[in-house]
Amino acid sequence: MKTILVTGGAGFIGSNFVYYELKKYKDLRVVCLDSLTYAGNLETLKEAMANPNFRFVKGDITDRKAVYSLFEEEKFDFVVNFAAESHVDRSIDEPEVFLKTNILGTQVLLDAAKKFGNIRYHQVSTDEVYGDLPLNRPDLFFTEETPIHTSSPYSASKASADLLVMAYYRTYGLPVTISRCSNNYGPYHFPEKLIPLMIANALAEKSLPVYGDGKNVRDWLYVEDHCKAIDMILENGRVGEVYNIGGHNEKTNLEVVKTVLRILGKSESLISFVKDRPGHDMRYAIDPTKIRNELGWYPETSFDEGIEKTVKWFLENKPWWENIINGEYVKYYEKMYSKR
Ligand code: NAD
Ligand code: TDX
């Protein structure tokens, strides 16, 4: 039986990946290492906990001693690193923890993978490392050759991690891959992010804070399609390569917010334009040709279908997110939005 380490598996995408792997492989042990920051939630992994092929370990990827002892104990065949500070607005407010977790944490994992048998390592990165594209050039897309050109402390930290991953490939021959994905959405999305925040506010008839003029474009990918892509890269991806993952599902923020309101049957008068995010990236758009041609990956879920499924999930799982937004999150929301 092979064993995979999934770091950050108590967060949004990591937990979806844990479930994807447990469902797809009956002969795979999945070990999740997560420090349970504000974004990590054991509730999310409740069903996985009942699976004998799953183990949860609470621990920090920056804690070298703890990471090494876990690697010594488990003999991993694969490492997939999702663990990160992931919210751009928080990185603008307090960058330091982003550098610590996203860069130094990645380095600890790379060292561990190197030390304990040159383990196959996959880094979950983001399209934000490419910076942004102008709105008046719809012909432009991010390819794997697009230069790194970051905007926020978050994206700078993710780009730094990517550079380290590639350095470990070239210098030490560590078998690595990197995926750079566009905006995900779906079940277990933390309510600080655009789509779940708008769903929660709309249901409470609270105003929906759209930054700037709402014309910024994101390329939305249903989270399960992202999980499938990572799984394919682990199976058949070429080591030392970067793969872009995106769905050609470009929408302005305003379009997304209006779609959420329409599905919920709520009024557009809830929309409130607020102060823009500093350094706000205009447009992200992925060219997924490489992963499609090399690995046969394509996104199965259209935005129309995915957003319906997502809203339905949030309606059916209110206790999951109400628990979050009624806790520490109250202070975060007040800090981020009260003076906007
Ligand atoms: P998330 O914030 O929902 O979850 C992050 C998880 O990592 C949490 O469970 C948290 O407890 C854990 N974590 C944070 N710091 C840790 C540490 N020091 N040690 C161990 N665990 C730690 O994030 P997400 O949206 O699921 O993103 C997962 C990964 O995917 C990140 O690397 C992110 O950069 C990348 N990504 C996200 C998106 C997106 O749209 N959400 C898009 C592209 C790439
Ligand atoms: O209240 C809001 N109002 C608003 O207009 C929030 C939270 C966001 N926005 C805008 C900012 C962005 O243009 O919506 C867009 C999406 O914002 P986020 O959900 O914060 O995502 P983004 O900044 O695009 O980054 C996401 O995708 C890339 C993830 O959070 C990153 O982890 C990932 O790397």
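Helix H1 (residues 12-24) and helix H8 (residues 223-236) pack so that their axes come within 9 Å and cross at roughly 60°. Helices here are DSSP runs of H or I with at least four residues, strands are runs of E with at least two, and both are numbered from the N terminus. The axes are lines fitted to C-alpha atoms, for helices over the stretch in contact, with angles running from 0 to 180 degrees between N-to-C directions. H1 passes H8 in a right-handed crossing (the near helix is turned clockwise from the far one by less than a right angle). On the H1 side, the contact (heavy atoms within 4.5 Å) includes Phe12, Ile13 and Phe17, while H8 brings in residues including Val223, Cys227 and Leu234. Sorted by class, this contact has eight nonpolar, two polar and five charged residues; Ala, Val, Leu, Ile, Met, Phe, Trp, Tyr, Cys and Pro count as nonpolar, Asp, Glu, Lys and Arg as charged, and the others, Gly among them, as polar.

The model is predicted, so to speak of local features takes a pLDDT of at least 70 and side-chain atom pairs count only at 80 or more, whereas totals for chains, interfaces and linings use all residues. Residues are numbered from 1 along each chain as written, chains are lettered from A and ligands numbered from 1 in the order written, and side-chain values use heavy atoms, leaving out hydrogens and water.

H1 turns up again around ligand 1, as one of the elements giving two or more residues to its shell. That ligand has 28 residues around it, with Ile13, Asp34, Ser86, Tyr154 and Lys158 the closest; a residue counts as near if one of its heavy atoms lies within 4 Å. A polar backbone atom of Ile13 sits 2.7 Å from an oxygen atom of ligand 1, a polar contact (a pair of N or O atoms within 3.5 Å). A nitrogen atom of ligand 1 is 3.0 Å from a polar backbone atom of Ile61. Taken alone, ligand 1 exposes 840 Å², and the protein buries 97% of that (Shrake-Rupley method, 1.4 Å probe). The largest share of the shell, three residues, comes from strand S5.

Ligand 2 is surrounded by 22 residues, and Tyr154 is again listed among the closest. Its oxygen atoms lie 2.7 Å from side-chain N or O atoms of Glu128 and Tyr337. The protein covers 94% of the 660 Å² of accessible area that ligand 2 has on its own.

Key. A polar contact is a pair of N or O atoms within 3.5 Å; within protein, one must be able to donate a hydrogen and the other to accept it, and residues adjacent in sequence count only if both atoms are side-chain atoms.
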